[in-house]
Amino acid sequence: MSDTFRAILIDKSEDGQTLSFTELTEDQLMDGSVTVAVEHSTVNYKDGLAVTGKGPIIRKYPLVPGIDFAGTVTKSDHADYREGDRVVLNGWGVGEKHHGGYAERARVPGEWLVPLPDRISTAQAMAIGTAGYTAMLCVMALEEQGVSPASGEVVVTGAAGGVGSVAISILARLGYTVVASTGRTEEEDYLKSLGASSVIDRDEFSGPVKPLAKARWAGAVDVAGSTTLANLLSQMEYGGAVAACGLAQGMDLPASVAPFILRGARLIGVDSVYRPRPQRLEAWKRLERDLDLDTLDSLSSHIALEDVPDAAADIVAGKVRGRIVVDL
Ligand code: NDP
């Protein structure tokens, strides 16, 4: 293995953020007990914000962005990992304040890593990526609230995006009746191929928010926030639950308490970044069991490291369908 490796580096100048393709040495990596030969990373929405500089994601400069990666351990001072182990990393501030996945090598504390389940390749791990792992956490959150396939329809917002596409695939495989909400209704065939039973225009969630609207949903996975989430809440059936993980529409929540106090609706926040390890292990075990890997292949595409800046701009513009894997 050569002494240097390719990486994207983001720095800050007086004019704003700069991005360069560069060569680094392992001495330039940050502290950690495990060094990994990164085989794949991905472009999540948060990576889009980080790489374009459109959101305040990067908190330390210069930084290798990329909030997740999968690869093979090359060196380990951690008792749980040995050279040759296949591992996946999501979150923990990687790609925000610790060098991330847009490099051929990474070094992190061993506690941040998850051993890759046998049936999932490193490329598939990144087709799942932080978006898919978060989708799994959202499904687990709905299950914990007692939402089951027998409860009624479950709606997924941002359906053609990364979290949405994987959430639909998992829910459909588990037997839920899944309604896909999208701004790209031309993607109906794609969304149905993932398992959506029907597709609705996301405009249905964009109107003025009533305290209570006609009850329709037993469960929801929401990536949009803002008016979408507020409208969703007002449409929940009695005792229904929303797993909210995103802000693709906005950070605000112009809602009332009516759905909570009159229908017992539940709003469950889902964070993936600092999720405790036992739940990460559970989520990856569930992904191995509950996500159809052929469907996963059909919703993902591959790009090279050089293509990351363009993909980052596309994801922030809402133009990316499914998941993008970056091949290192
Ligand atoms: P994507 O860009 O792949 O998907 C987001 C989708 O949201 C878009 O494809 C679009 O879907 C929809 N969307 C975009 N703009 C709007 C809008 N103005 N109103 C309503 N819907 C909109 O991103 P990801 O799937 O990677 O991430 C989705 C969200 O989840 C992001 O906000 C991200 O930050 C968050 N997230 C949070 C995590 C956590 O730990 N809490 C972890 C991972 C992601 P369509 O075209 O189908 O309408």
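Ala, Val, Leu, Ile, Met, Phe, Trp, Tyr, Cys and Pro count as nonpolar, Asp, Glu, Lys and Arg as charged, and the others, Gly among them, as polar. By that scheme, the shell around the ligand holds 14 nonpolar, 14 polar and 4 charged residues. The model is predicted: local features need pLDDT of at least 70, side-chain atom pairs count only at pLDDT 80 or more, and totals for chains, interfaces and linings use all residues. Residue numbers start from 1 along each chain as its sequence is written.

**Ligand shell**
- The ligand is surrounded by 32 residues (C-beta atom, placed from the backbone, within 6 Å of it).
- Y45, G158, G161, T182 and G246 are the closest.
- α1 (45–52), α2 (122–144) and α3 (162–173) each give two or more residues to this shell; helices are DSSP runs (H or I, at least four residues), numbered from the N terminus.
- Domain 1 (4–116 + 292–327) and domain 2 (131–269) each supply at least three shell residues; the bounds come from an automatic or database domain assignment.

**Helix pair α2 and α3**
- The two helices pack at about 50 degrees, with axes 8 Å apart (lines fitted to C-alpha atoms over the stretch in contact, angles from 0 to 180 degrees between N-to-C directions).
- Residues in α2, including I128, G129 and A131, meet residues in α3, including G162, V163 and V166 (contact: C-beta atoms, placed from the backbone, within 7 Å).
- This contact has 11 nonpolar, 4 polar and no charged residues.

**Two domains**
- The centres of domain 1 and domain 2, taken over C-alpha atoms, are 28 Å apart.
- Their contact takes 12 residues from domain 1 and 14 residues from domain 2.
- Helix α8 (residues 293–298) gives the largest share of the domain 1 side, 3 residues.

Technical notes. Two residues are in contact if their C-beta atoms, placed from the backbone, lie within 7 Å.
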